[in-house]
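Dear colleague,

Please find the structure below, handed over for your own work. My notes on its pockets and aromatic contacts follow it.

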Amino acid sequence: MQASRSKSEAPVSGLTARAFEVPTDRPESDGTLEWKATTIVVAEAEAGGERGLGYTYAPAVAAEVVRTLLAPMVAGADALAPPATFAQMRAGVRNAGQQGLCAMAISAVDLCLWDLRAKLLGLSLADALGRCRETIPGYGSGGFTSYDDETLATQLGGWAEAGFERVKIKVGREPECDPHRIEVARAAIGPGVALMVDANGAFERRAAARWAARYAELGAVYLEEPVPSADLEGLRWLRDVVPTGLEIAAGEYLWELAEMERLAPCVDILQADVTRCGGPTALLRADGICRAHRVPFSAHCAPQASAHLCCALESAVHLEYFHDHSRVESLLFDGAVVPEAGLLRPDRSRPGLGIELREADAERFRT
């Protein structure tokens with residue numbers, strides 16, 4: 001009889017994190033926020049001669065959370081058992097707060113550990129998670145309220161020409177300007193591409209209902225966060241009163257499964273961000289919530305990670321190919337997935353996420 005093992009076959013030997021701030025190609029804004037740079041925090045862990053990589057879009061201080069709070073918890077953990085480490089991290093940050101900054105830091109580390117596990121197994125992350133499809137549709141997302149008409153038309157028209165069947169623009173900063181912007185968008189993408197709009201929680205309920213009706217008149221088929229995701233009652237009410245054919249979506253700012261469970265019955269499409277909600281460990285469980293409520297899932301941003309996750313989620317219908325994140329990931333990572341006719345196909349020949357940090361290129365953005 002073989003002796004039982006008391007130690008992991010592949011203990012994690014180290015965990016590091018760095019932050020990189022990448023300026024946007026032009027000033028950007030949505031219904032509630034303006035920004036000129038995007039910060040990505042990259043976590044890396046080693047075990048068994050392999051190095052895993054994970055990331056989150058979060059303030060640079062999230063890297064310090066990884067280094068000081070999470071690294072001691074992860075040291076020596078079994079690299080083949082990310083859910084066990086996830087539970088330890090969640091419990092370990094109780095007094096620091098399990099939501100917000102800690103949730104984003106945990107998401108980066110959890111993604112890193114799943115990437116590491118897949119590399120140790122010699123599989124792409126989608127295959128290591130359990131693939132249920134080869135590709136996932138993306139939708140082009142940008143259309144910032146700070147764009148002039150020419151920039152808006154060029155960006156959206158480019159996605160339409162590239163084969164995306166859906167595109168999304170930001171609304172709600174100056175609602176009176178939205179009808180014109182939607183007309184510019186429609187002219188750029190043509191009649192065969194679905195138009196989606198995102199208010200980023202800019203409206204109160206009744207204003208949201210009025211503008212939802214106007215957006216629907218102009219041909220929008222998807223309205224994201226007409227009110228903040230925390231307003232469950234408002235989202236449920238809007239879902240039931242907006243014109244037929246306009247889907248209500250929300251969830252990008254969810255930090256944990258309990259929030260997803262509460263939101264799922266209030267929307268037509270549930271969203272979550274793998275770099276915020278707890279990483280693959282949490283998002284795989286979110287698939288069950290969506291299936292139980294018969295609500296489809298849409299991944300928020302982080303397209304390189306989201307492509308692998310969505311190929312393993314039965315409820316997934318599409319992911320957000322967000323302008324900022326697709327640009328940052330292409331700048332910093334080798335092996336970034338490039339959409340083909342609007343579809344993202346994780347490379348099965350590359351283990352894990354299939355991406356590696358380009359150190360020389362990344363260093364100039366390091367904070």
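The second largest pocket is lined by Glu 44, Glu 50, Arg 51, Leu 53, Lys 119, Arg 350, Pro 351, Gly 354, Ile 355, Glu 356, Leu 357 and Glu 359. Here a pocket is an open set of points on a 1 Å grid over the protein atoms alone, where a 1.4 Å probe fits and protein lies on both sides within 12 Å along at least five of seven lines; lining residues have an atom within 4 Å of a point. This is a predicted model, in which local features need pLDDT of at least 70 and side-chain atom pairs count only at pLDDT 80 or more, while totals for chains, interfaces and linings use all residues. Residues are numbered from 1 along each chain as its sequence is written, and side-chain values use heavy atoms, with hydrogens and water left out.

The volume of the second largest pocket is about 220 Å³, a volume being the space filled by probe spheres set on the points, which are joined across faces, edges and corners. Its lining divides into four nonpolar, one polar and seven charged residues (Ala, Val, Leu, Ile, Met, Phe, Trp, Tyr, Cys and Pro count as nonpolar, Asp, Glu, Lys and Arg as charged, and the others, Gly among them, as polar). Strand S3 (50–57) gives the most to this lining, with three residues. Helices (H or I, at least four residues) and strands (E, at least two) are DSSP runs numbered from the N terminus.

The largest pocket holds about 530 Å³ of space. Of its 26 lining residues, Leu 33, Trp 35, Tyr 253, Arg 276 and His 325 lie nearest the centre. By class, this lining has 11 nonpolar, six polar and nine charged residues. Strand S2 gives the most to it, with four residues; S2 (34–47), S5 (166–170), S11 (316–322) and helix H12 (323–332) each supply at least two.

The whole structure has eight aromatic pairs (rings of Phe, Tyr and Trp, the last by its six-membered ring, with centres within 6.5 Å; planes under 30 degrees apart count as stacked, over 60 as edge-to-face and the rest as tilted). Trp 35 and Phe 144 form an edge-to-face pair, 5.5 Å centre to centre with 90 degrees between the planes. Because Trp 35 lies in S2 and Phe 144 in the loop between S4 (136–142) and H5 (149–161), the pair ties together parts that are 109 residues apart in sequence. Both Trp 35 and Phe 144 are buried (under 20% relative accessible area with a 1.4 Å probe, protein chains only; exposed is over 50% and partly exposed in between).

Yours sincerely
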